[in-house]
Amino acid sequence: PDATSLLTASMDGTARLLSTASGTCLKTFQGHEGRILWVSFSPDGAWAVTASDDCTAKVWNIESEETLQTLKGHKQGLTKAVLGWISQ
C-alpha cells in the first residue's frame, strides 16, 4: 500500500483498488455473497483481506485478483479482519 492507490469496500459485494490520482478502478475483487464491510492490506501490500456480512473473510492476491483463501465459520457477519505477520 502506498499513496497511489486506495482499496474500498462496497455494499455491492466487491472491493476495488482505485488510483488516488485519477479515481480510476485498477482492479476489482469479486466473490462475496454479501456486503463487504472492511478491507485491509497485508503489511507488505501483496495481499488484502475483506470481511463481509456473508459470514466470511477472504484473502486476496492484489496482483492477480485471485482469492487465496475463504475463511468460514462465523455465525454472523464480519465487521473487521486484519492480516499480520508473526515474527519467528
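**Entry 1: Ser5 and its strand**

I began with Ser5, which sits in strand S1 (residues 5–9), where strands are DSSP runs of E with at least two residues, numbered from the N terminus. The model I am reading is predicted, so I kept in mind that local features need pLDDT of at least 70, that side-chain atom pairs count only at pLDDT 80 or more, and that totals for chains, interfaces and linings use all residues. Residues are numbered from 1 along each chain as its sequence is written, and side-chain values use heavy atoms, with hydrogens and water left out.

Ser5 counts as buried because its relative accessibility is 18%, the scale being buried under 20% relative accessible area, exposed over 50% and partly exposed in between, with a 1.4 Å probe and protein chains only. I then listed what Ser5 is in contact with (heavy atoms within 4.5 Å), and, with neighbours within four places in sequence left aside, I found Leu17, Leu18 and Thr20.

**Entry 2: the sheet that holds S1**

I followed S1 into its sheet, which is open, has 3 strands in the order S1-S2-S3, and is antiparallel in its pairing; two strands pair if DSSP finds at least two bridges between them. S1 and S3 stand at the edges with a single partner strand each, so one side of each has no neighbour in the sheet. From one strand to the next the twist averages 15 degrees, with axes taken as lines fitted to C-alpha atoms and angles running from 0 to 180 degrees between N-to-C directions.

S1 pairs with strand S2 (residues 14–19) over 5 bridges in the antiparallel sense. Along this pairing I noted Leu7 opposite Leu17 in S2 and Ala9 opposite Ala15 in S2. The two strands form a hairpin with 4 residues between them, and in the turn Gly13 has a positive phi of about 85 degrees.

On to the next pair: S2 and S3 are also joined in the antiparallel sense, over 5 bridges, and the bridge partner of Ala15 in S3 is Phe29. This hairpin has 5 residues between the strands, and there Gly23 takes a positive phi near 80 degrees. I also checked how covered S2 is, and 5 of its 6 residues are buried.

**Entry 3: Ser22 in the loop**

Which loop holds Ser22? I placed Ser22 in the loop between S2 and S3, and Ser22 counts as exposed because its relative accessible area is 51%. Its side chain makes a polar contact with the side chain of Thr24 at 2.8 Å; such a contact is a pair of N or O atoms within 3.5 Å, and within protein one must be able to donate a hydrogen and the other to accept it, while residues adjacent in sequence count only if both atoms are side-chain atoms. I also compared Ser22 with Thr4, and they are 18 residues apart in sequence and 9.6 Å apart in space, C-alpha to C-alpha.

**Entry 4: nonpolar cores**

I next looked for nonpolar cores, meaning sets of buried Ala, Val, Leu, Ile, Met, Phe, Trp, Tyr and Cys residues joined through side-chain atoms within 4.5 Å. The largest one has 9 residues, namely Leu7, Ala15, Leu17, Phe29, Ile36, Val39, Ala48, Trp60 and Ile62. S2 and S4 are the elements that give two or more residues to this core. A second, separate core has 7 residues, among them Val49, Ala51, Ala57 and Leu78.

For Ala48 I wrote down the residues it touches beyond four places in sequence, including Leu7, Phe41, Val59, Trp60, Ile62 and Leu83. Trp60 also has a bridge partner in S7, Thr67, where S6 and strand S7 (residues 67–71) pair in the antiparallel sense over 4 bridges. Their hairpin has 5 residues between the strands, and Glu65 takes a positive phi near 65 degrees.

**Entry 5: salt bridges**

How many salt bridges are there? I found 2, taking a salt bridge as a side-chain nitrogen of Lys or Arg within 4 Å of a carboxyl oxygen of Asp or Glu. One joins Arg16 to Asp12, with the closest N and O atoms 3.7 Å apart, and Arg16 is partly exposed at a relative accessible area of 30%.

Arg35 forms a salt bridge with Asp53, with the closest N and O atoms 2.5 Å apart. Arg35 lies in the loop between strand S3 (25–30) and strand S4 (36–41), and Asp53 in the loop between strand S5 (47–52) and strand S6 (57–61), so the pair ties together parts that are 18 residues apart in sequence. Arg35 is partly exposed at 35% relative accessibility, and Asp53 is partly exposed at 26% relative accessible area.
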